[in-house]
Amino acid sequence: RYHHTSISHFCSCSKTASDEKYQDPFQLGRKDLKNLYEDIKKELLVSTAELKEMCDYYFDGKGKAFRPMIVVLMARACNIHHNNSREVQASQRSVAIIAEMIHTASLVHDDVIDDANSRRGKMTVNQIWGERKAVLAGDFILSAASVALARIGNTTIISVLTQVIEDLVRGEFLQLGSKENENERFAHYLEKTFKKTASLIANSCKAVSILGCPDPKVHEIAYQYGKNVGIAFQLIDDVLDFTSCADRLGKPTAADLKLGLATGPVLFACRQFPEMNAMIMRRFSKPGDVERARKYVLQSDGVQQTTYLAQRYCHEATREISKLRPSPEREALIQLTEMVLMRDK
């Protein structure tokens with residue numbers, strides 16, 4: 001059981017002894033992310049009008065650019081830590097662009113696998129253009145990201161970021177399977193969460209730290225921060241699937257149950273309602289399973305327990321990043337862990 005610790009206990013770290021004043025992460029990261037989507041579109045130079053239209057559809061500039069923002073803040077924090085340089089290198093900014101491209105390609109493919117019909121409050125690529133073309137568009141975005149990655153010209157960075165693509169595929173395979181054994185099931189869920197969501201953030205943070213600082217200890221700090229924030233982000237996402245209304249979330253709620261997925265809130269609820277085990281094993285496929293499972297989750301402490309677990313990961317992320325020299329960017333990355341916990345969509 002995870003201890004019932006209040007959020008304030010976990011997040012008091014944001015007011016550190018450092019005299020750096022608190023800055024909004026989005027404000028602080030904005031200057032390095034200016035023209036981000038225009039730059040991505042330049043990477044996606046295509047001959048066919050339809051493919052271009054499909055690629056541009058998700059890169060509409062309306063996303064939060066959460067991942068690129070973490071990456072540029074981490075780049076600055078590591079540069080300042082290493083030699084007090086406050087500039088983001090061109091290669092570090094390229095990593096932010098590549099991270100967003102890999103992420104978006106994975107969304108396009110996920111929507112095909114899940115047969116999803118809405119994403120960020122609008123129709124999915126597969127609904128408009130069909131599954132076959134959507135798969136190809138996702139492949140194309142990935143290939144453009146790979147070209148941009150090769151252009152950085154650093155074999156270590158190439159190896160770190162291609163790991164992300166491998167993890168995304170392995171994570172998707174993990175999601176398609178399930179475990180009989182209850183204890184194995186939670187480990188399976190966390191491993192899937194790392195591979196599908198956190199690996200991209202962890203390895204992108206690591207990549208910019210390598211470009212900005214030669215110290216392996218700093219590379220590990222950057223990686224651990226990204227990993228812990230990434231897992232917490234997905235845990236909260238899984239909570240919102242039960243607690244948020246569809247129009248806030250930009251996609252239908254209980255979507256995971258409808259896909260047959262047992263996420264954190266379900267796995268915790270299962271400890272109070274063992275009858276959910278059979279439903280998990282048949283992936284909520286019987287009529288009424290989804291509604292019953294949702295009811296059990298909301299009657300249990302599954303949502304609370306998943307939130308506490310996310311707090312623990314955020315606490316760990318804060319502990320790691322606090323090892324870097326104080327800077328506004330470091331404080332913004334700490335602040336970001338609170339924002340991950342507090343978000344409602």
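Which helix gives the most to the nonpolar patch? Helix H9, residues 155-176, does, with three residues. The model behind this report is predicted.

**The surface patch**

Four residues make the nonpolar patch: Ile113, Val169, Phe173 and Leu176. Its area is about 420 Å². Ile113 sits in helix H6, which spans residues 90-114. With a relative accessibility of 45%, Ile113 counts as partly exposed.

Helix H6 also holds Ser106. Is Ser106 buried or exposed? Ser106 counts as buried, because its relative accessibility is 14% and the cut-off for buried is under 20%. The Ser106 side chain reaches the backbone oxygen of His103, at 2.6 Å.

**The buried side of helix H16**

Helix H16 runs over residues 289-299. Its buried residues are Asp289, Val290, Ala293, Tyr296 and Val297. They lie on the same side of H16, because they cover an arc of only 130° around the axis. In an α-helix there are 3.6 residues a turn, so residues three or four places apart point the same way.

What covers these buried residues? The cover includes helix H11 (216-243), helix H13 (255-258) and helix H14 (264-272). It also includes helix H15 (276-281) and helix H17 (302-321).

**Salt bridges**

The model has 19 salt bridges.

| Pair | N to O distance |
|---|---|
| Asp237 and Arg343 | 2.9 Å |
| Arg282 and Asp289 | 2.7 Å |
| Lys323 and Glu320 | 3.2 Å |

Asp237 and Arg343 meet through their side chains. Asp237 lies in helix H11, and Arg343 lies in the segment after helix H18 (328-342), so this pair ties together parts that are 106 residues apart in sequence. Arg343 counts as buried, at 15% relative accessibility.

Asp289, listed above among the buried residues of H16, forms a salt bridge with Arg282. How much relative accessible area does Asp289 have? The value is 1%, so Asp289 is buried. Arg282 is partly exposed, with a relative accessible area of 26%.

The pair of Lys323 and Glu320 belongs to a network of salt bridges that links Glu316, Arg319, Glu320 and Lys323. Within this pair, Lys323 counts as partly exposed, at 45% relative accessibility. Glu320 counts as buried, at 8%.

Note on methods
Residues numbered from 1 in each chain as written. Predicted model: local features only at pLDDT ≥ 70, side-chain atom pairs only at ≥ 80, totals over all residues. Heavy atoms only, no water. Buried < 20%, exposed > 50% of the residue type's maximum accessible area, 1.4 Å probe, protein only. Helix = DSSP H or I, 4+ residues; strand = E, 2+ residues; numbered from the N terminus. Arc of directions from axis to C-beta. Contact = heavy atoms within 4.5 Å. Patch = residues over 30% accessible without salt bridge, like charges linked within 9 Å, V, L, I, M, F, W, Y side chains within 5 Å. Areas by Shrake-Rupley, 256 points an atom, 1.4 Å probe, with all protein chains shown as cover. Polar contact = N/O pair within 3.5 Å; in protein donor to acceptor, adjacent residues only side chain to side chain.
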